[in-house]
Amino acid sequence: MKKILALGSALLLTNALNARMVTVSTVDEYNKHYHSDTPMVTMYSAEWCGPCKQMKPHFYEAAEATSDVTFCVVDT
């Protein structure tokens, strides 16, 4: 069963040491990870959004602490 958490929306990701972070630039790439067996957490945000900027560091901290989940930031 896949669990997805949408936190807050161009598709953008950065690599973290322990996390399964992927860089996606198309909907097809996103769908590939979405339909995999690995659970995925997605944060929807915007560069101009103040609350999104405040949440991003916590999202990346969670990604660094978890190695068996794919983390994705979708930047609108």
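Student: Which residues do ring pairs link into a cluster?

Tutor: Ring pairs join Phe59, Tyr60 and Phe71 into a cluster. Please note that this is a predicted model, in which local features need pLDDT of at least 70, side-chain atom pairs count only at pLDDT 80 or more, and totals for chains, interfaces and linings use all residues. Residues are numbered from 1 along each chain as its sequence is written, and side-chain values use heavy atoms, with hydrogens and water left out.

Student: How is a pair of aromatic rings described?

Tutor: One gives the distance of the centres and the angle of the planes. Rings of Phe, Tyr and Trp (its six-membered ring) pair if their centres lie within 6.5 Å; planes under 30 degrees apart count as stacked, over 60 as edge-to-face and the rest as tilted. The structure holds 3 aromatic pairs. In one of them, the ring centres of Tyr30 and Tyr34 are 6.3 Å apart and the planes stand at 20°, so this pair is stacked.

Student: Is Tyr30 buried or exposed?

Tutor: Buried means under 20% relative accessible area, exposed over 50%, and partly exposed in between (1.4 Å probe, protein chains only). Tyr30 has a relative accessible area of 12% and is therefore buried, whereas Tyr34, with 31%, is partly exposed.

Student: What is the geometry of the aromatic pair formed by Phe59 and Tyr60?

Tutor: Phe59 and Tyr60 are edge-to-face, with 6.1 Å centre to centre and 75° between the planes. Both Phe59 and Tyr60 are buried.
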